[in-house]
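Could you walk with me through this structure, from its overall outline down to a few single residues? Have the model open beside you as you read.

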Amino acid sequence: MGMRVTIFSRDEFTARFMIEGINAALANTLRRIILAEVPTMAIDDVIIYENSSVLHDEILALRLGLIPIKTDLKTYNLPEKCDCKSELGCPKCRAIFTLDVEAKEGIRTVYSGDLVPEDPAIVPVSDKIPIVKLAASQRIRLEAYAKLGRGKDHAKWQPVSACVYRYKPIVRIDESRCNACGKCVEYCPRKVLAKEGNRVFVVNEIECILCNDCVKACNVKPAPITVSWDPSAFIFYIESVGSLPVDEIIFEALKIYEEKFMEFMTLIEGVL
Ligand code: SF4
Ligand code: SF4
Ligand SMILES: [Zn+2]
């Protein structure tokens, strides 16, 4: 069977789809590339001019690093691929933010929205991420440099908050032995089964989580209901942190996979 993709749901930042006609190795390759190789922007260098908050400079820098930032893969270079080879980067490989907040009138929370971007396209995905609480007269003044990086170097560059897959479930009922008692319908936590008159049948197979509760609940032995899975079909759920739209994450992962494969082919050709 050839490869087939069915999309169950999709919006800008989440996607749920099924790929049929692949094996677990290929499904996991896609998952690993998404997690570890697709680049995003994150704050990597911070120059702190003033910090009288309760947070140490290092913790403050770490918190800034974990703020998801809108990413533009077409305009910015990965630092290792940029001609500048400079430690703090150049306008082609880094975006600068400045932060200058003082709690003049009592307690003040510093939010991601207080970061002032140099490039209006490279901004935190949300303005409402708290960074630190300042007591009266405390102040933070700093410059932060965001760069492209990969999840394999630090989780702050991971483009997704979830990237999981599971086998496509297969639920079958042998109607010749089923007495339609409805116990399996009652026990199923995902509403996979339904009872209508003297019949119990599968209504939402894709939602099955392979828990086997329906089989355990059945009083007929061996149970007329069986639960298994298709080892060549995988249901993916991907959720972006907001740095990149989910379809860009998937396309970028496939591009990286192709590049890696071509590199491997060239290497093999050189050896053989
Ligand atoms: S519990 Fe068993 S016998 Fe009862 S409806 Fe389900 S499969 Fe049929
Ligand atoms: S295995 Fe669990 S989720 Fe799947 S049909 Fe049975 S009870 Fe429902
Ligand atoms: Zn550069």
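Predicted model: local features only at pLDDT ≥ 70, side-chain atom pairs only at ≥ 80, totals over all residues.

The protein contains five helices and 12 strands. Its C-alpha atoms occupy a box of roughly 75 × 65 × 25 Å along the principal axes. The radius of gyration is 25 Å, whereas a compact globule of 272 residues would have one near 19 Å. Of those 272 residues, 29% are buried. If you look at contacts between residues at least 6 apart in sequence, 67% of them join residues at least 24 apart.

Domain 1 is made of two segments, 4–36 and 162–237, and domain 2 covers 40–157. Taken over C-alpha atoms, the centres of domain 1 and domain 2 are separated by 43 Å.

Next, turn to the ligands. Around ligand 1 there are 15 residues, and those that come nearest are Cys178, Cys181, Cys184, Cys218 and Ile225. By class, this shell holds 12 nonpolar, two polar and one charged residues. Ligand 2 also has 15 residues around it, with Cys188, Val192, Cys208, Cys211 and Cys214 coming nearest. The shell around ligand 2 divides into 12 nonpolar, one polar and two charged residues.

Now find helix α5, which runs over residues 246–271. Its 26 residues reach 38 Å from the first C-alpha to the last, close to the 38 Å expected at 1.5 Å a residue. Which residues of α5 are buried? They are Val246, Ile249, Ile250 and Ala253. An α-helix has 3.6 residues a turn, so residues three or four places apart point the same way. The cover over the buried residues of α5 includes the strands β2 (14–20), β9 (160–173) and β12 (225–240), together with helix α1 (24–36).

Helix α1 is also where you will find Arg31. Is Arg31 buried or partly exposed? Arg31 counts as partly exposed because it has 18 C-beta neighbours inside 10 Å, while a buried residue would need 20 or more. Leaving aside residues up to four places away in sequence, Arg31 touches Cys163 and Tyr165. The C-alpha atoms of Arg31 and Ala162 are 9.9 Å apart, although 131 residues separate the two along the chain.

Finally, a few backbone details in the loops deserve a look. Pro222 sits in the loop between α4 (213–217) and β12. The peptide bond leading from Lys221 to Pro222 is cis, with omega near -10°.

Why is Lys85 exposed? The reason is that 10 other C-beta atoms lie within 10 Å of Lys85, and a residue counts as exposed at 12 or fewer.

Note on methods. Residues numbered from 1 in each chain as written. Chains lettered and ligands numbered in written order. Near = placed C-beta within 6 Å. Nonpolar A, V, L, I, M, F, W, Y, C, P; charged D, E, K, R; others polar. Domains from an automatic or database assignment. Helix = DSSP H or I, 4+ residues; strand = E, 2+ residues; numbered from the N terminus. Expected span 1.5 Å × (residues − 1). Contact = placed C-beta atoms within 7 Å. Rg over C-alpha atoms; globule rule 2.2 N^0.38 Å.
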